[in-house]
Amino acid sequence: MEFKVSSAPFIHNNNTVSKMMQQLLYALIPGIVVYAYFFGWNIVVNLFLATITALTCEALMLWLRKRPVRQFISDYSAIVTAFLLALALPPFVPWWITVLGTAFAIIVAKHLYGGLGYNLFNPAMVGYAVLLISFPLQMSDWSIILDTISGATPLETMKTELRWQWINAAFLLGGCWLLYKRIITWHIPVAMLISLIIISGIFFLINPNLYPNPLFHLLSGATIMGAFFIATDPTTAATSNKARLIYAAGIGILIYVIRTWGAYPDAVAFAVLLMNMAAPTIDYYVKT
């Protein structure tokens, strides 16, 4: 007899995919509220546009693939993708950027790979990476916010303002709630954050005038959201606990490398996508 195993995500106990996705959305609320408080309610507009686009594209692709639309569209996975992508975008990005990135994430990164459970890469991060490479000017335009805050450059504001630290703290609160509800395990967020602390701490000790301290890397950009909400995607991450530790440690190291010597100030998306590619190999060699 053959023992057939379905594709990830694998749900324990009485949980379902839709319940798990709902819990993820609930856990994002503190971060969204703090984000909107500091940077304005335009983030809510982005969330709305991304959600409408995601649901429309999801329904279209399900219909074209002759899959039951109502059954699969109600699992909230498309909405989670929309939220994660919208939260990664600058709040005042043009509306068509949000729509285009979300459509690419759902149609190409998710459904052309076979749909939920078959996609190799995190759809939201694929959408973000494609937008950042294709439209670098629009994706790096924080000028409206910065003019209202201090008139500083984006890099100066990211390094000096406490706003991102509060936002990351809010996402950390939501991430801890996911751990409490056992939606995710500790392996990926802890390994990712510790590896980032270690490598940034080493270079900080070597030259503190050139390299920022580990706290800066932890509480800036999308680090915390990436650790608890993006890297933990059960479909694209490694599966066994040991493999998860290796997978997540790789993300933390890559974040530091790309931030420090790469062309992009925040590297969570690229680090996650690179380790998504490596996850099957890690799973192959690390069985338990």
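**Reading packing and surface in a helical model**

Q: Which residues does phenylalanine 229 touch, not counting residues up to four places away in sequence?

A: Leaving out residues up to four places away in sequence, phenylalanine 229 touches Leu24, Ala27, Leu28, Leu84, Phe171, Gly174, Gly175 and Leu178. Keep in mind that this model is predicted.

Q: What do nonpolar side chains tend to do in soluble globular proteins?

A: In such proteins they tend to be buried together. Here, the largest nonpolar core has 81 residues. Those touching the most other members are Leu28, Leu87, Met139, Phe171, Phe229, Tyr247 and Ile251. Helix 1 (residues 17-39) gives the most to this core, with 10 residues.

Q: Tyr247 and Ile251 are also in helix 14. How do I read that helix?

A: Start with its span, then look at which residues are covered. Helix 14 (residues 241-261) has 21 residues and reaches 30 Å from its first C-alpha to its last, close to the 30 Å expected. Its buried residues include Ala243, Tyr247, Ile251, Ile255 and Ile258. Among the elements that cover the buried residues of helix 14 are helix 11, helix 12, helix 13 and helix 15.

Q: Which residues form the nonpolar patch on the surface?

A: Trp186, Val190, Ile194, Ile198, Ile202, Ile206 and Leu245 form it, with about 640 Å² of accessible area together. Helix 11 (residues 187-206) gives the most to the patch, with 5 residues.

Q: Why is isoleucine 194 called partly exposed?

A: The label goes to residues between the cut-offs of 20% and 50% relative accessible area. Isoleucine 194, in helix 11, is partly exposed because its relative accessible area is 42%.

How values were computed: Residues numbered from 1 in each chain as written. Predicted model: local features only at pLDDT ≥ 70, side-chain atom pairs only at ≥ 80, totals over all residues. Heavy atoms only, no water. Patch = residues over 30% accessible without salt bridge, like charges linked within 9 Å, V, L, I, M, F, W, Y side chains within 5 Å. Areas by Shrake-Rupley, 256 points an atom, 1.4 Å probe, with all protein chains shown as cover. Salt bridge = Lys/Arg side-chain N within 4 Å of Asp/Glu carboxyl O. Helix = DSSP H or I, 4+ residues; strand = E, 2+ residues; numbered from the N terminus. Buried < 20%, exposed > 50% of the residue type's maximum accessible area, 1.4 Å probe, protein only. Core = buried A, V, L, I, M, F, W, Y, C linked by side-chain atoms within 4.5 Å. Contact = heavy atoms within 4.5 Å. Expected span 1.5 Å × (residues − 1).
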